Amino acid sequence: MTRRPPEWIDPLLTRLGTARAEDFTRLTTPAEGGRESAVLVLLGEQPDTGPDVLVLQRAATLRTHAGQPAFPGGAADPEDADVRATALREANEEVGLDPASVTVLAELPKLWIPVSDFVVTPVLAWWHDPHPVYPCEPAEVAHVARLPVSELVDPANRLRVRHPSGWIGPAFSARGMLVWGFTAGVLATLLEMGGWARPWPRDRVVELPPSGATPAPSAGTDEADETALR
């Protein structure tokens, strides 16, 4: 069992030491207000596929974000000691993750999602003792997957999506999932910061169906800022 993260994570941790919210989004996080929440960006590694990240897919019957892939996470509870505790508790409740199997590495800048007025802190962690995970509440979580970084950075799996509202943002196609919105924005930025990203065709844009979850709004559809959480 290796508690120290492998060397391939080191460049990312170094870059995160100077990261600001502006590296992830053009939206200014308010100094006050907003509902505090956290998501767990859990990096792991498997012998056959290499480095990966844990995501879940929301149930198709949910009123919001139906069918959308996401990091485990949610709103803070009064009993949570901090955002790290929130991220780990939510991951345990959603996919059965054992908090003792995780080494927290860093807290990313707080990011504001105006459409829900959530202030989200992504918590980066290393899965030093992986174990099976599964949807604990099938009515909320339909599927859990470990997406290999090698597949996320494959140019054939990278694209941008256009929401019916006109919003355009980054996306990934991997393991039968279309990852977009907030989750894809965080992933795209982290892949760049870690030095793992590869050139990909930025003119590949697909339309999201009208039933897609409402995205975090943006200042526009500036195609030069595909890593923003728009």
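This is a predicted model: local features need pLDDT of at least 70, side-chain atom pairs count only at pLDDT 80 or more; totals for chains, interfaces and linings use all residues.
Begin with helix H4, which runs over residues 181–193 and so numbers 13 residues. From its first C-alpha to its last, H4 reaches 19 Å, close to the 18 Å expected at 1.5 Å a residue. Just after the helix comes Gly-195, with a positive phi of about 75°.

Next, consider how H4 sits in the protein. The helix is mostly covered, with twelve of its 13 residues buried. Here a residue is called buried when its relative accessible area is under 20%. The buried residues include Gly-181 and Phe-182 as well as Met-193.

Now turn to the empty space inside the model. Rolling a probe the size of a water molecule over the atoms shows where empty space is left. The count comes to one cavity of 30 Å³ or more, and the largest cavity has a volume of about 60 Å³.

Which elements each supply at least two residues of the lining? They are strand E1 (35–46), helix H3 (149–152) and H4. H4 gives the largest share, three residues.

The lining of the largest cavity divides into ten nonpolar residues, no polar and no charged.

Notes. Residues are numbered from 1 along each chain as its sequence is written. Side-chain values use heavy atoms; hydrogens and water are left out. Helices (H or I, at least four residues) and strands (E, at least two) are DSSP runs, numbered from the N terminus. The expected span of a helix is 1.5 Å times one less than its number of residues. Buried means under 20% relative accessible area, exposed over 50%, partly exposed in between (1.4 Å probe, protein chains only). On a 1 Å grid over the protein atoms alone, a cavity is a set of points where a 1.4 Å probe fits but cannot get out, and a pocket is an open set with protein on both sides within 12 Å along at least five of seven lines; lining residues have an atom within 4 Å of a point. Grid points are joined across faces, edges and corners, and a volume is the space filled by probe spheres set on the points. Ala, Val, Leu, Ile, Met, Phe, Trp, Tyr, Cys and Pro count as nonpolar, Asp, Glu, Lys and Arg as charged, and the others, Gly among them, as polar.
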